[in-house]
Amino acid sequence: MSNIKNAFKNDKAFIGFITGGDPNIEKTKEYVLEMVKAGADLIEIGIPFSDPVAEGHVIQEANYRALSSGTTVEKLFNLVSDIRKETDVPLVYLTYANPVFHYGYDAFFKRCSDVGLDGVIIPDIPFEEQKPVKEAAEKNGIDLISLIAPTSQERIKKIAKTASGFIYLVSSMGVTGVRSEISTDLSSIISAIKSVTDVPVAIGFGIHTPQQAAQMSKIADGVIVGSAIVKIIAQYGTEAAEHIYRYVKEMKEAVIGINI
């Protein structure tokens, strides 16, 4: 059993995303710890990949920067091991099927367990095809995080019934990236999910302002923010720490209803 449940135990959860290795491994560790200090309840670390199909241009560019800096899966495992020496905040990888398949399903999830990772998100493996991956994850005590999109419709309850850790509810059609407005009827989707499971639901894709975070936290158990944090790193590079801290603190306060 992972400790992902601890991210949701006290209040609404703020989940921050960072691309591992952008701008380098050392700074990724520093920025993760800054997010924790600012109040983040769970951190997603993206494993950079050459074809990140779920990502918009902001995170795509972060992937390319990370790969150019020499980031590898093994270096990111070592990174998680190092972070674990300083915090027990839940940590989740966001990756794609190719790196996991190449590493070997059982070997990958065993390594996740060894370094103290809690969960893995793999956007390009459809629910109907995830059985061998999920079995390897469960064998090693790792939550395979399920994604539910607005297009899931009749599949929503089926996906939710087998979910573990938390459910990643995609707010909008398309790829990651900030959005000025989120118009999807997320409340009805969450109601369908909650009718079959008590696994927490966190909303991601497009959220970047405190007002959006506050709005989403009223209907969900948590809010996920990625592109906005990655944009800060793109702007400030190796000097992004204080900017990340201030942004995450503001967003966490919005999620739990402070100053909104």
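**Salt bridges across a predicted fold**

A search of the whole structure turns up 15 salt bridges, each a side-chain nitrogen of Lys or Arg within 4 Å of a carboxyl oxygen of Asp or Glu. What you see is a predicted model, where local features need pLDDT of at least 70, side-chain atom pairs count only at pLDDT 80 or more, and totals for chains, interfaces and linings use all residues. Residues are numbered from 1 along each chain as its sequence is written, and side-chain values use heavy atoms, with hydrogens and water left out.

Let's look at some of these pairs. E86 and K29 meet through their side chains at 3.0 Å, N to O. E86 sits in the loop between helix 3 (73–84) and strand 3 (91–94), while K29 belongs to helix 1 (residues 25–38), 57 residues apart; helices (H or I, at least four residues) and strands (E, at least two) are DSSP runs, numbered from the N terminus. K29 is partly exposed at 23% relative accessibility, where buried means under 20% relative accessible area, exposed over 50%, and partly exposed in between (1.4 Å probe, protein chains only).

Next comes D221 with K194, whose closest N and O atoms are 2.6 Å apart.

Stepping back, the chain holds eleven helices and eight strands. Of its 260 residues, 57% count as buried.
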